[in-house]
Amino acid sequence: MPRYTDRIFSFEFFPPQTQEGVEKLRMTRHELAALNPRFFSVTFGAGGSTRERTLGTVLEIQAEGHVAAPHLSCIGSTRENIRSILKQYQEKGITHLVALRGDLPSGTASAGEFRYANELVSFIREETGKHFHIEVAAYPECHPQSASPRDDISNFRKKIEAGADSAITQYFYNADAYYHFVDECGKIGIFAPIVPGIMPIYNFSQLARFSDACGAEIPRWIRKKLEAYHDDIDSIRKFGLEVVENLCENLLENGVPGLHFYTLNQAQAVKTLWKNLGLSSNSES
Ligand code: FAD
C-alpha cells in the first residue's frame, strides 16, 4: 500500500531555454506525472526574464491535464506588469501561484515598484481576490539578507497576513532547522502549512554553488563525504540518495504536510526516492 497518501507532493521545474531542453522536460514530466503530484510548479526569472517561457511551460503542463503553478517574482517589475501577468494567468485558468520577491540580476538598475514578497501577495489579493491559492517562500535556516532569525519569521508572517495560503521552504539537510522554524511560527500564531523543499543531490559542485547563493547549509559531514568522492558521480548520487531519503523519511514520520521536490528538470532521483519511501505503487524505477 502507498504510504503518506494524505500529504501534498509537488515537483518544481525551470522553464527550458532550448528546444532540446523542452523535449527533455516533456519526458521528465511524463515520468513524474505517473506519481500523481498535487501540482507542478515552474520558476520565473526576476524582472520577468522568463515570462513567456514560464507561461509556455505552464500551459503545456495544463494541457496534459495537470495542475500547474507558475512562480511569480516581483523585484524589478511594475504594478502594470504584474497586473498583466495575473490577468493572463486568470484567463488561462491558472489557480495556483508561488509568489516571490526574487533577486535582482547584478547590473539591474531599478528595483521596480515592489520591495518585498508581502507587497506582491497583497497586490495579488487586491487585484484578484481569492482566485489564486498563493504559496510563498520560507527559510528554516534564515534568508541570507535577514538581520536576525526573529526578523526573518516576522517578515514571513507579513506574507501570511497579506493573504498567502501556504509556504514552501528553501531546501535544507538538517530537519531540526525546519522543526524549530515551524515551532517558532506556531508561537506567533502562524499555522499555515509549511511544506519542506527537498533538493536531491545530483552533483556536488552545483549543490555547493546553489547553497552558497541561497544560504542553505550543507552540513559539514555531508560536504566532507561529497568532496571526498571527487568525480565519482555514482558514489555521490548513491550517498546523496541515502541522505535525502533519510531526511524525507524523518520529515514524513514527523507529520510534515507534504514535500516539494526541486527536480532540476530530472526525473530519476525523485522516482527512486519515491519508490524507496514507498510513496506510491505506480512509480517505476
Ligand atoms: P521576501 O519574503 O520579500 O524576503 C526577502 C528578504 O527581505 C528576507 O531577508 C526578508 O527577511 C526581508 N523582508 C521581507 N519582507 C520584508 C519587509 N516587509 N520589510 C523588511 N524586510 C523584509 N527566485 C526567483 O527569482 N524565481 C523563482 O521562481 C523562485 N522560486 C523560489 C521558490 C522557492 C520555494 C524558494 C524558497 C525560493 C525561490 N526563489 C525564486 C528565490 C527567492 O526569490 C529568493 O530567495 C529571494 O531572495 C527572496 O524571495 P522571497 O520571496 O522569500 O522574499
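How many cavities of 30 Å³ or more does a search of the whole structure find? The search finds two, a cavity being a set of points, on a 1 Å grid over the protein atoms alone, where a 1.4 Å probe fits but cannot get out. The structure is a predicted model, in which local features need pLDDT of at least 70 and side-chain atom pairs count only at pLDDT 80 or more, whereas totals for chains, interfaces and linings use all residues. Residues are numbered from 1 along each chain as its sequence is written, and side-chain values use heavy atoms, with hydrogens and water left out.

The largest cavity has a volume of about 40 Å³, a volume being the space filled by probe spheres set on grid points that are joined across faces, edges and corners. Its lining, made up of residues with an atom within 4 Å of a point, includes Tyr139, Glu141, Gln170 and Cys214. The second largest cavity, with a volume of about 40 Å³, is lined by residues including Met199, Tyr202, Phe210 and Leu264.

A pocket, by contrast, is an open set of points with protein on both sides within 12 Å along at least five of seven lines. The largest pocket has a volume of about 1700 Å³, and of the 49 residues that line it, Leu100, Asp103, Tyr139, Gln170 and Cys214 are the closest to its centre. Helix H5 (residues 149–161) gives the most to this lining, with six residues; helices (H or I, at least four residues) and strands (E, at least two) are DSSP runs, numbered from the N terminus.

Eight strands close into a barrel in the order E1-E2-E3-E4-E5-E6-E7-E8, with parallel pairing, where two strands pair if DSSP finds at least two bridges between them. Neighbouring strands of this sheet are turned by 30° against each other on average, direction ignored, the axes being lines fitted to C-alpha atoms, for helices over the stretch in contact, and angles running from 0 to 180 degrees between N-to-C directions. Strand E4 (residues 96–100) is joined to the parallel strand E5 (residues 133–138) by four bridges, and Leu97 stands opposite Ile134 in E5. Helix H4 (residues 117–128) packs on the sheet, touching strands E3 (68–73), E4 and E5, with contact meaning heavy atoms within 4.5 Å.

In helix H10 (residues 268–276), the residues Ala269, Val270, Lys271, Thr272, Leu273 and Trp274 are buried, that is, under 20% relative accessible area with a 1.4 Å probe and protein chains only. Among the elements that cover these buried residues of H10 are strand E1 (8–13) and helix H1 (19–33).

Technical notes:
Buried < 20%, exposed > 50% of the residue type's maximum accessible area, 1.4 Å probe, protein only.
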